[in-house]
Amino acid sequence: MSSTNNPYLAHHFDDIVQQHESVSLGMWIFLLTEIMFFGGIFFTYAVYRYLYPEMFHDMSHHLDVTLGTLNTAVLLTSSLTMALAVNAAQRGLQKRLVTMLSVTCAAGLVFLVVKFFEYSHKFHVGSVPGPLWDFENPYGNKAQLFYSLYFAATGLHGFHVLIGVVLIGVFAINAYRGKYPVQRAQPVEMVGLYWHFVDLVWLYVFPLFYLIGRF
Amino acid sequence: MASVEHHSLKPYFVVYGLLMLGLVATVWVAYFDLGVLGTPLAMLIATTKASLVVWIFMHVKEATPMIWVTILMGLVGLAIGFIFLFSDYLAR
């Protein structure tokens, strides 16, 4: 593609290829910091699960596998629609881009609604660490450790989903206004990378919290 | 342009099908007592799913070597964390 007259080429880049690579690299470096961010939770999880395997095993039973599976399916589906949105942006299919971004945004909302019901159930039965803790279990107050990690991991992930829903919602509106013509597909690609990353984190959170000790 | 034009949507639907199969597998294997192999197997399935998402949905397949090295550094960082953690805790 000739880059001389591209209105979307920033002046400090030589050409559109260089600009594209720089933007992608920046986004991936951001995602690396996110890996280490979530990594901290997984490190902590690994240590405490190693120290208290039975407790993790038993407490995992109190999480709702059906809702967890449903939410995983919702996120995987939203990843597909996000990939289709990026594809539509790269091909300049405006209508499909708006539709796919809207569906992705809606799927993110569904995820958060399911999460809300899961959380409110925990407040109901008292399995929330801290002053509200009132949960009958053989491990007593120690079991708060599992729930602290559960809320930290799913809370941080849920917050990322919330950011994604808002971002993708804004992108859907902008796409509707025609702000992403085929020469400017990259912002959609980048928000896609973010959304897929959020999906990736859940692929690990789900089995590590919901599915241990199901047998 | 750096981004490759994708006119076929088939790979996305194939990956989606595999991801859904992976989800079924994840839940299914969780109901068997596999002893110490349970968690490694769950992580293996999760990593297979994650690789599909990264390779196809995130277009890393078509990315530049610079991006590949960058991603590799993230995984190395994570690996260092886990290696030092377990070389400590498992040796106690």
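**Figure 1. The contact between chain A and chain B.** In this predicted model, 40 residues of chain A are in contact with 37 residues of chain B; two residues are in contact if their C-beta atoms, placed from the backbone, lie within 7 Å. On the side of chain A that touches chain B, α1 (16-51), α3 (65-91) and α6 each supply at least two residues. Helices here are DSSP runs (H or I, at least four residues), strands are runs of E of at least two residues, and both are numbered from the N terminus. The most is given by α1(A), with 16 residues. By class, this side of chain A has 27 nonpolar, nine polar and four charged residues. Ala, Val, Leu, Ile, Met, Phe, Trp, Tyr, Cys and Pro count as nonpolar, Asp, Glu, Lys and Arg as charged, and the others, Gly among them, as polar. Residues are numbered from 1 along each chain as its sequence is written, while chains are lettered from A and ligands numbered from 1 in the order in which they are written. Because the model is predicted, local features need pLDDT of at least 70 and side-chain atom pairs count only at pLDDT 80 or more, whereas totals for chains, interfaces and linings use all residues.

**Figure 2. Helix α6 of chain A against helix α2 of chain B.** The axes of α6(A) and α2(B) are 9 Å apart, and the packing angle is about 170°. Axes are lines fitted to C-alpha atoms, for helices over the stretch in contact, and angles run from 0 to 180 degrees between N-to-C directions. The two helices, α6(A) and α2(B), are therefore roughly antiparallel; angles over 145 degrees count as roughly antiparallel, under 35 as roughly parallel, 65 to 115 as roughly perpendicular and the rest as oblique. From α6(A), the contact is made by A:H196, A:D199, A:L200, A:L203, A:Y204 and A:P207, and from α2(B) by B:A42, B:A46, B:K49, B:A50, B:V53 and B:F57. These residues divide into nine nonpolar, one polar and two charged.

**Figure 3. Helices α1 and α6 within chain A.** The axes of α1(A) and α6(A) cross at roughly 15° and come within 11 Å, so the helices are roughly parallel to each other. The crossing of α1(A) and α6(A) is right-handed; a crossing has this hand if the near helix is turned clockwise from the far one by less than a right angle, and is left-handed if anticlockwise. Among the residues that make the contact are A:H20, A:M27 and A:F38 of α1(A), and A:M190, A:F197 and A:L208 of α6(A). The residues of this contact comprise ten nonpolar, two polar and one charged.

**Figure 4. Helices α3 and α4 of chain A.** Helix α3(A) packs on helix α4 (residues 94-125) of chain A at an angle of about 160°, and the axes are 8 Å apart. That makes α3(A) and α4(A) roughly antiparallel. The crossing of α3(A) with α4(A) is left-handed. Their contact has 17 nonpolar, six polar and three charged residues.

**Figure 5. Residue A:V188 and its surroundings.** A:V188 lies in helix α6 (residues 186-210) of chain A. Is A:V188 buried or exposed? A:V188 counts as buried because 24 C-beta neighbours lie inside 10 Å; a residue is buried if 20 or more other C-beta atoms lie within 10 Å of its own, exposed if 12 or fewer, and partly exposed in between, with C-beta atoms placed from the backbone. Leaving out residues up to four places away in sequence, A:V188 touches A:A85, A:V86, A:A89, A:F171 and A:Y180. The C-alpha atom of A:V188 is 15 Å from that of A:I163, and the two residues are 25 apart along the chain.

**Figure 6. Residue B:H59 in a loop of chain B.** B:H59 is in the loop between α2 (38-57) and α3 (65-89) of chain B. Phi of B:H59 is near 60°, a positive value in a residue other than glycine. Most residues other than glycine have a negative phi. B:H59 is buried, with 22 other C-beta atoms within 10 Å. Across chain B, buried residues make up 23% of the 92 residues.
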